[in-house]
Amino acid sequence: MTTTERPLVLPGDPISPDLIPSSTSKPLRLGPGLRHVPPSDIVPVVAGQLITNHQKNSMWVEYNSNRYIPAPGDLIIAQILRSGPDLYFTSISPYTPPATLPHLSFESATKKTRPQLAPGALVYARVVLANKHMDPEIECVSQSTGKSDGLGELKGGMVFDVSLQFARRLLMAKSKEEGKVEVLELLGGEGLAFEIAVGRNGKVWVGGEDVKAIVVVGRTLRETDEGGLGVEAQRKLVRRLAKGMK
């Protein structure tokens, strides 16, 4: 496991330097719940568990919240609201300013070949810019490789809402071991064929050719989240719902 420390932190409390990853080959990445106070202080802005990932030289605070606050590097699912001359305006969470998505922030996009996205279309994107003084900016291409790396328009499928904490658990590199979420592997083991994209903003897109399978996957995720199901309860739920498809 790469996440090694989980002490409880409170807003404004100083974080001990011993808990901060110190890789010299990668810049330190701060995730949700943390703020950099120049010159060198890192301060929690919420109460929760401090999570550090020494492999990725990153840290964040795991906490319960009903409101998504964008942070650079977050993978999110956004909905196109409208198009401007050079960018799209997108919705990433209710009651927040729209996030901007430049027309050229797609793999191999030019003014002539860029995707033509209508209002209501969904995209899987990464947050590039997020601060309290500007609207968030997102992208559907990796700046380092120029490739989509799985980002872009999400066609067909269905979107399901989950809690922000559950979305973060699904996005963990080892969601089974660290997040204690097995349902996706269990559903695949039952023969269900589906695609999935998880957004830190509490949105999960499920795609596939079988609508029944999509509904079962979404229902399983929702019931696991809302019921706070443990691993054994997840297995029973998957067996019950998968049996209903046969």
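Predicted model: local features only at pLDDT ≥ 70, side-chain atom pairs only at ≥ 80, totals over all residues.
Trainee: Why is Tyr 95 called exposed?

Mentor: Tyr 95 has a relative accessibility of 87%. Exposed means over 50%, so Tyr 95 counts as exposed. Tyr 95 is placed in the loop between strand S8 (87-91) and strand S9 (99-102).

Trainee: What is the phi of Tyr 95?

Mentor: Phi is about 60 degrees, a positive value, although Tyr 95 is not a glycine. Ser 108 also has a positive phi, near 60 degrees, and is a residue other than glycine.

Trainee: Is Ser 108 buried or exposed, and why?

Mentor: The relative accessible area of Ser 108 is 62%. The cut-off for exposed is over 50%, therefore Ser 108 is exposed. Ser 108 belongs to the loop between S9 and strand S10 (122-131).

Trainee: Is Glu 62 buried or exposed, and why?

Mentor: Glu 62 has a relative accessible area of 10%. Buried means under 20%, so Glu 62 is buried. This residue lies in strand S6 (residues 58-62). From the C-alpha of Glu 62 to that of Leu 50, twelve residues apart along the chain, the separation is 6.3 Å.

Trainee: Why is Pro 27 called exposed?

Mentor: The value for Pro 27 is 65% relative accessible area. Since exposed means over 50%, Pro 27 is exposed. Pro 27 is in the loop between strand S1 (8-9) and strand S2 (29-30). Along the chain Pro 27 and Asn 57 are 30 residues apart, while their C-alpha atoms are separated by 6.9 Å.

Trainee: How do you know that the charged end of Arg 82 sits over the ring of Phe 89?

Mentor: The charged end of Arg 82 is 4.3 Å from the centre of the Phe 89 ring. The distance cut-off is within 6 Å, and the charge must also be within 35 degrees of the ring normal. The distance meets its cut-off, and the pair is listed as a charge over a ring.

Trainee: How many aromatic pairs does the whole structure hold?

Mentor: The search finds zero. A pair requires ring centres within 6.5 Å.

Trainee: How many cavities of 30 Å³ or more are there, and which residues line the largest cavity?

Mentor: The count comes to one cavity. The volume of the largest cavity is about 70 Å³, and Pro 32, Tyr 63, Asp 74 and Arg 200 are among the residues that line it.

Trainee: What classes of residue make up that lining?

Mentor: The lining of the largest cavity has five nonpolar, no polar and four charged residues.

Trainee: Which domains does the assignment give?

Mentor: The domain assignment gives domain 1 (8-62), domain 2 (74-155) and domain 3 (159-244). The C-alpha centres of domain 1 and domain 3 lie 29 Å apart.

Key: Residues numbered from 1 in each chain as written. Heavy atoms only, no water. 1 Å grid on protein atoms, 1.4 Å probe; cavity = no way out; pocket = protein on both sides within 12 Å on 5 of 7 lines; lining within 4 Å. Points joined across faces, edges and corners; volume = space filled by probe spheres on them. Nonpolar A, V, L, I, M, F, W, Y, C, P; charged D, E, K, R; others polar. Helix = DSSP H or I, 4+ residues; strand = E, 2+ residues; numbered from the N terminus. Buried < 20%, exposed > 50% of the residue type's maximum accessible area, 1.4 Å probe, protein only. Phe/Tyr/Trp six-rings, centres within 6.5 Å; stacked < 30°, edge-to-face > 60°. Domains from an automatic or database assignment.
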